[in-house]
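Please open the model in your viewer and keep the selection panel at hand. The stops below are meant to be followed in order.

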Amino acid sequence: MRDKRVSVRGNLVRDMMQNVMETSLKQPIQSGELRKNPVEPAWICPAGYEYEIVETEQFPMEYLRPEGIFTGRVILQLHGGGYIGPMKNIYRKFAVRYSKLSFGGDVLTIDYRVAPEYPYPAALEDAVYAYKWLIQEKEYEPDHIIVAGDSAGGGLALAMVMYLRDNRLPLPGGIITMSPWTDMTNSGASYTDNYETDPLFGNSTDNMLFHSSYIGDADPKNTYISPAFGTYEGFPPVLLQVGSEEVLLSDTLTVAGKLKRAHRKVRLSVYDGMFHVFQMAMRLIPESREAWDEVSRFLEIIYGIEQKREGRPVRV
């Protein structure tokens, strides 16, 4: 647990999110209204990048690459949204950020199939397809692939690697999760302890966490749906980030404990006073800036990149 005061900006953003959720978003999120009718401006790819939409038979993928650079590094990004939300512009911004933090790495973000039209195992199948595509079609080395996801995407990242391991497929070089949803039984202590403090999912069970259409007819304890119930032997290094006031806090702590007991390399960071996927604030609040700096350090370690600090050269 991080022992530090929450920033003024962090508190302001937290309160704003709570007000919005309480007044307008909980029911539209649950009903799928926002998913079916997303309202966003057209995204413009920033200068210096190539952006390609790759159509598969089942779902589209968005492939971002720096112009004129190939490092062999790639991030497979699995977006959040409770398995009912589509790809959104914030994840395109995340993709640019991941590319910069990996010193010119490529980023593949998939708009995987979502419920209720496509319940489990659709999202898992799409994630595995994208991972194999990177290896078989684009010839990335598995250990040069980092799988990153937030919320449902974080749980999906862990579930996908679990599936790869169980089927004796090559594993990625690392995993990054932000507030991962890993327990669809909602049985962790934080679902009660943080019920009144979580600005997004607190003070109500009328939300996607408690009425998940992704589960379908499957067992919510299925480890490929709720990786909190799985085992973690053989896993690559994992970075786990979560806010202390989330109802999903237990989802992260449970996975962290299992990784440690399996003697895997794991970095757990609980950000005091923070809310669900606070990293979406990007550079707006200190806590988000610190979290992204931590992501940068994790990528440096996995990829063996030495940043230019205090006059030292860059090694890529």
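Which residues line the second largest pocket? In this predicted model, select Pro237, Val238, Leu239, Lys265, Val266, Arg267, Glu294, Arg297, Phe298, Ile301 and Ile302, which together form that lining. The volume of this pocket is about 210 Å³, and the elements that contribute two or more residues to its lining are S7, S8 and helix H8 (286–303). Of these, H8 gives the most, with five residues.

Strand S6 (residues 174–178) pairs with S7 in the parallel sense over four bridges, and Met178 has Gln241 of S7 as its bridge partner. Strand S8 (residues 266–271) also runs parallel to S7, joined to it by six bridges, with Val266 as the bridge partner of Val238. If you follow the chain from S7 through H7 to S8, you trace a β-α-β crossover that is right-handed.

Centre the view on Tyr83 and, leaving aside residues up to four places away in sequence, show its contacts: Tyr112, Val114, Ala115, Ala123, Ala152, Gly155, Leu156, Trp181, Met184 and Tyr214.

The last stops concern the backbone. Select Pro116, which lies in the loop between S4 and H4, and inspect the peptide bond from Ala115, which is cis with omega near 5 degrees. Pro121 belongs to the loop between S4 and H4 as well, and the peptide bond that reaches it from Tyr120 is cis, with omega near 15 degrees.

Finally, select Phe103 in the loop between helix H3 (89–101) and S4, a residue other than glycine with a positive phi near 55 degrees. Phe103 counts as partly exposed because its relative accessibility is 28%, a value that falls between the 20% and 50% cut-offs.

Note on methods:
Residues numbered from 1 in each chain as written. Predicted model: local features only at pLDDT ≥ 70, side-chain atom pairs only at ≥ 80, totals over all residues. Heavy atoms only, no water. Contact = heavy atoms within 4.5 Å. Pairing = 2+ DSSP bridges. Right-handed = clockwise from strand over helix to strand, strands pointing away. 1 Å grid on protein atoms, 1.4 Å probe; cavity = no way out; pocket = protein on both sides within 12 Å on 5 of 7 lines; lining within 4 Å. Points joined across faces, edges and corners; volume = space filled by probe spheres on them. Buried < 20%, exposed > 50% of the residue type's maximum accessible area, 1.4 Å probe, protein only.
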